[in-house]
Amino acid sequence: MPPPRLVLPPPAVDPGGGLRRSYLRLVALSSTLRHLDQLLAVSLASGHYALDPAPATALLLRYSSLRAPPRHLLRLFRAFPRPDRFLRNALLRSLPSLRPHLLFPSPDSFSFAFAATSLSSSCSSRGNDAAAARTLHGLSVAAGYASDTFVASALAKLYFKLSRVHDARKVFDAVPSPDTILWNTLLAGLPGSEALDAFVRMVEAGRARPDSTTLASSLRAAAEASHMAMGRCVHGYGVKCGLAEHEHVVTGLMSLYSKCGDMDSAQFLFDRMEDPDLVAYNALISGYSVNGMVESSVELFKELAASGWRPNSSTLVAVIPVYSPFGHELLAQCLHAFVVKVRLDADALVSTAMTTLYCRLNDMESARSIFDAMPEKTMESWNAMISGYAQNGLTEMAVALFQLMQELNVQPNPTTISSTLSACAQLGALSLGKWVHRIITKENLELNVYVMTALIDMYVKCGSIAEARSIFDRMDNKNVVSWNAMISGYGLHGQGAEALKLYKGMLDACILPTSSTFLSVLYACSHGGLVDEGQKVFRVMTNEYRISPGIEHCTCMVDILGRAGKLNEALDLISEFPQSAIGPGVWGALLSACTVHKNSDLAKLASQKLFELDSENAGYYVLLCNLYTSKKHYSEAAVVRQEAKNRKLVKTPGCTLIEIGDKPHVFMAADRFHPQSEAIYSYLEKLTAKMIEAGYQPVTEAALYDVEEEEKEHMVKVHSEKLAIAFGLLSTEPGTEIRIIKNLRVCLDCHNATKFISKVTQRLIVVRDASRFHHFRDGVCSCGDYW
DNA sequence: TTAGGGTTAG
């Protein structure tokens, strides 16, 4: 139902306009809504200003600044039969959501600037706001304001707020000669390193003079990018232009220095400030806290309280790191006491900081309860919670929370998407990953480097290496992480040669390889059996790039040599490693190589080291036991098994996941819980017969000699991957590829069996096990039986 | 009578 129209009496005469001026003054002085209502009533009753939009504009703006409901503003506006552009613009400035029809007829640059500003001050992350921003942008371009600096900075800020960096840049680029404020808008919205690039371009262009705001933003960017050299340049520039003493610039410098651990410089700057404000205090307190200077942090906090400033939520966030070592409960108590003492409202900032902290402490329940208690969740709080789940391995929870966001029509930003994709990658759930990809496309969400790289990683880990590569090839500006993701993807899928080719391509593109790059390449060499290449890359890394090998590089090297049977060379190499790099991983790699090459002497040495370093891991006992069994050293095998039993070590039960359509199905060894269990087992029997016809030999009883009765029974049981594959074959059309995910490494018999299955059924079978991918096609596995 | 940008903290 439309709101009722106010009935206006005819206008009265006001010679000279004296009455009008006093009326406008009264409006400006009103401090309550009731006061304004009375003024409105007076003017209506007397018949003044019925057709005069100026007093109405003043009233409307005053109502708006006193937070009158939008309904009320609209009603006032509609009471005027002939609103002029000032009145229309005032309404645009005051309404929280865009009403495009209010722009017409003949919108001016004020209209667009007002509308954009009001949208960005009210926009949450609802999906509709992005659409409204695009509408507004389109209309402003159509009206000829694409190069207006005022409109552009308001629009750019709006896009930044909606996490649409591309669109903000587009707005900026459309302006031929940006002024200082437009540059500043860009600098404030861009992520650290990009903002620093923009600062350089601004200075080089030389058409707009940087001011204190420019420098403050650039220092923020330098701190974010941990780019001390650029930070010093900005500082120097500030000194040259006489802007270095500006309060915001000094605060930015303090934060830069404390980010880089130089608390002396930060403190020096603070001490020189004549009258430091709350932000400056917060910056220094935070610097002390994150650098572990607890006493200084607390001292300065006391000084702050004594100086008359009232701490705000940023102050609280700045001291949180000081309290964090006390553990969860004490932390909560300390913070509560803090909040009570300074009569502080714990707002979204504090809740998000607490959520992040609990996530870091691995206490996901506390994190979630704080998150759930937030009445208005911010983008940052959603992201903190989702990435907390993803990083703590609670991948299903991460995806579930993302689904909740979708249901609530909260638009995700690139950070949300990256975290969710990382959860999908860990899960290996291709259908979920594709669903997220579809959302990106459908909602036209921003595809930045982080999102594209997360997509590559997701497709790699969900088994679609081809899809990952096609995304990689479509990327305009790949960073080193994107290259690493793709290289390690080839490694994971056993395509060592492709990985090396890409590594060379990366060097040709003048991208500086990092420690992770070398790890990915070495990993690819190990999974592809490329021994010489691996050794060469390792030498290049240490000699040419001066990167000292970490635990994982060393483990990879032992793996590479060990798999090739060069066990003694591997042992020699271990003695050359830095002591810090020799952990369970290195000896574990040697032990698995020993079991493959049946060297029980070295295996004994490796396992002795392992039992010292990591005595609680059942996997090593299993490896050693299997080695002894295969060499028919049954008594030694029995000793190892008894030892494992004495220590009450339990093997992780194996399970396998397969997705049919969008539905996941999980199988355990020998389980009969699946509703189609009967059909699966009878199909598997028929299949085994065909496989045996083709030459398959199941693990024979002889190999199981000496296994205790109970275990023997267990070992002849059907492993979970066979069940999953059989179910997959039953439930899909001939020719469809089968993808399964196993939580442990695939066993010898299953690996062999899968080769035969791929041959007799003519299907491509992709298996992701705990360490890599196997692509089985026509009786051959991509790993070359080398895993 | 009506514009656009900033420092700390998640």
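1. K604 counts as partly exposed, with a relative accessibility of 38%, and E636 is likewise partly exposed, at a relative accessible area of 31%. In this predicted model, the side chains of these two residues, E636 and K604, meet in a salt bridge with an N to O distance of 3.9 Å. Because E636 belongs to helix α37 (residues 634–646) and K604 to helix α35 (residues 600–613), the pair ties together parts that lie 32 residues apart in sequence.

2. A second salt bridge, at 3.3 Å from N to O, is formed by the side chains of E721 and K742. This pair also links distant parts of the chain, since E721 sits in helix α40 (residues 720–731) and K742 in strand β3 (residues 738–742), 21 residues apart. Both E721 and K742 are buried, which means that each has under 20% relative accessible area.

3. The side chains of E737 and R739 meet in a further salt bridge, for which the N to O distance is 2.3 Å. Here E737 is partly exposed, its relative accessible area being 34%, and R739 is partly exposed as well, with a value of 25%.

4. Some of the charged residues are joined through shared partners: R469, D473, E498 and K501 form one network of salt bridges. Over the whole structure, a search finds 17 salt bridges, and the pairs discussed above, including E636 with K604 and E721 with K742, are among them.

Terms used
Residues are numbered from 1 along each chain as its sequence is written. Chains are lettered from A and ligands numbered from 1 in the order in which they are written. This is a predicted model: local features need pLDDT of at least 70, side-chain atom pairs count only at pLDDT 80 or more; totals for chains, interfaces and linings use all residues. Side-chain values use heavy atoms; hydrogens and water are left out. A salt bridge is a side-chain nitrogen of Lys or Arg within 4 Å of a carboxyl oxygen of Asp or Glu. Helices (H or I, at least four residues) and strands (E, at least two) are DSSP runs, numbered from the N terminus. Buried means under 20% relative accessible area, exposed over 50%, partly exposed in between (1.4 Å probe, protein chains only).
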